[in-house]
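Thanks for coming, everyone. Let me put the structure up on the screen.

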Amino acid sequence: IYDSAPDEETAISTEAATSGTIQNSGIRWELDNKGWLTISGSGEMKNYSPQELDGKYRTTAPWGTYWGQVTAVVLEPDVTSIGTRAFCGCSNLTNVTIPESVTSICAAAFEDCSKLTSVPIPDSVTSIGQQAFQNCSSLTSVTIPDSVTSIGVQAFSFCVSLTSVTIPAGVTSIGDGTFLGCRSLMSVTIPESVTIPESVTSIGDGAFSYCRSLTSVTIPESVTSIGEGAFSHCSSLTSVTIPEGVTKVRSGTFYNCTSLESVTLPEGLLCIENAEYSNSTYYGAFGKCTSLASVTIPEGVTSIGSHAFDGCSGLTSVTIPKGVTSIGSHAFFGCSRLTSVMISKSVTSIGAWAFDGCASLTSITIPESVTRIGGSAFERCGRLTNVYYGGTEAQWNRVNIGSYNAPLLSATIHFSDGTTSQS
């Protein structure tokens, strides 16, 4: 793979090779006049910190002085690890050879190696550190061997040319933001054994956030936790099935997945969590999923958090099952195509702005268990004409209804005894 010489601008001008021995280690290095860096000796490579050169962070390894001239890296047998930031910022690096002796690729080892297109990782490697390949913008493919059990935080984040990845069966943890910003990533296969320590299965916060080409994902039944924003901004994702072991849908998990048309929620789901507020935005679990037309909320869910379906403008119907006791603020805010809502008898409160902007809503069923309706809960619901209340008129008059709910109060209220507010 090293048949051709490097470009003239990246070639080392001196005829003699540059080399040295790493202090207090058994590692040697040699950089020849073609730009090929050879790491030899035995044992672990040292870890390095970054230094800022030409506006970018580069490795402080002794070969870091020549960061722009390194075009290929060959690690010889008996080298057992690739140290932290070992080749960080080697922006002309295109080829890497990793021997079977290497067991770990440490944090940020190849960060900002912008010309690196592929990395053959041997079966001996068991861990890939955090940010190991972050900002490797030319990386189109990577084969992760079955020996790997851990993929660190943001390990492949912003690898904008990466199109597909298979997480091997040996992986025991996927860190937060592992594939964050991989906008060309179209498919991901996650194995049955994705776990974190204590044997709790998990996909980390923001793990696939901004993977804008991702159209499908297979989540195995072993997964019990999906982190905040895990699939947020995956604008090409069309459907997802959440496995039975998952009990919570976290803040922003599928936020702004604008092509998401269907989602299957597990029977064991207990809650859809409240939105987190960041950068002037509330990140609801399914907020701004504008193609989502319908959703079935399982019977076991006890709360629908704030902003859960905020801005789901394609949502046409929803049934709130028995067991739900509260509907959070802004839960269905701006669901402009929602025509009808049935709320179960267990709900006691409807949060502020919960159905604000549901301009197509014509009817709603409210049980007698509801004691409080927040301010603006039904503001801008101009077509609301019928409210079917599960109690008597006297009970309705005792409900604490917040201000700015004119559409609700001007609709015809149908009481349980057959009378109406217009009687």
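First, the ground rules. This is a predicted model: local features need pLDDT of at least 70, side-chain atom pairs count only at pLDDT 80 or more, and totals for chains, interfaces and linings use all residues. Residues are numbered from 1 along each chain as its sequence is written, and side-chain values use heavy atoms, with hydrogens and water left out.

Start with Thr253. It sits in the loop between strand E22 (248–249) and strand E23 (262–264); strands are DSSP runs of at least two residues, numbered from the N terminus. Is Thr253 buried or exposed? Buried, with a relative accessible area of 2%. Buried means under 20%, exposed over 50%, partly exposed in between, with a 1.4 Å probe and protein chains only. Leaving out residues up to four places away in sequence, Thr253 touches several residues, including Phe231 and Ala285. Touching, or contact, means heavy atoms within 4.5 Å.

Now Thr385. This one is in the loop between strand E34 (372–373) and strand E35 (386–389). Thr385 is partly exposed, at 42% relative accessible area. Beyond its neighbours within four places in sequence, Thr385 contacts Thr362, Ala411 and Thr412.

Last, the core. A nonpolar core is a set of buried Ala, Val, Leu, Ile, Met, Phe, Trp, Tyr and Cys residues joined through side-chain atoms within 4.5 Å. The largest one has 119 residues. Phe87 and Phe231 are among those that touch the most other members. Strand E2 (27–31) is one of the elements giving two or more residues. The largest share, 3 residues, comes from E2.

Notes:
Helix = DSSP H or I, 4+ residues; strand = E, 2+ residues; numbered from the N terminus.
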